[in-house]
Amino acid sequence: MANTPQAKKRARQNERRFAVNKARRSRIRTFLRTVEEAIASGDQAAAAAALKAAQPELMRGVSKGVLHKNTVARKISRLSSRVKALKA
């Protein structure tokens, strides 16, 4: 348990940041799930629209430090290639 005032404050801040980051991660996962569902349904237009909506949310996760830049780049790349493959 934290004893010093500084350690107590850090513990409070960590709890707050954890809650914010957890909510942000959950929101990102929801956007990704909508893209996955659109791809599974086979609707190319809906999948493209869902991906377009998800991209800024993913990049916001990078800028806020929730996700790593390369992780998001990989996810966007793989999703966009799957959406593009729906045309064929």
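R27, E57 and R60 are linked in a network of salt bridges. A salt bridge here is a side-chain nitrogen of Lys or Arg within 4 Å of a carboxyl oxygen of Asp or Glu. This is a predicted model, where local features need pLDDT of at least 70, side-chain atom pairs count only at pLDDT 80 or more, and totals for chains, interfaces and linings use all residues. Residues are numbered from 1 along each chain as its sequence is written, and side-chain values use heavy atoms, leaving out hydrogens and water.

By the salt-bridge rule, the count comes to 3.

| Salt bridge | Closest N and O atoms |
|---|---|
| E57 with R27 | 2.8 Å |
| R82 with E36 | 2.9 Å |
| E57 with R60 | 2.9 Å |

Start with E57 and R27. E57 lies in helix α2 (residues 44-63) and R27 in helix α1, so the pair ties together parts 30 residues apart in sequence. Helices are DSSP runs (H or I, at least four residues), numbered from the N terminus. E57 is buried, at 6% relative accessibility. R27 is partly exposed, at 44%. Buried means under 20% relative accessible area, exposed over 50%, and partly exposed in between (1.4 Å probe, protein chains only).

E57 also pairs with R60. These two are 3 residues apart in helix α2, about one helical turn. R60 is partly exposed, at 39%.

Next comes R82 with E36. R82 lies in helix α3 (residues 69-85) and E36 in helix α1, so this pair ties together parts 46 residues apart in sequence. R82 is partly exposed at 37%, and E36 is partly exposed at 34%.
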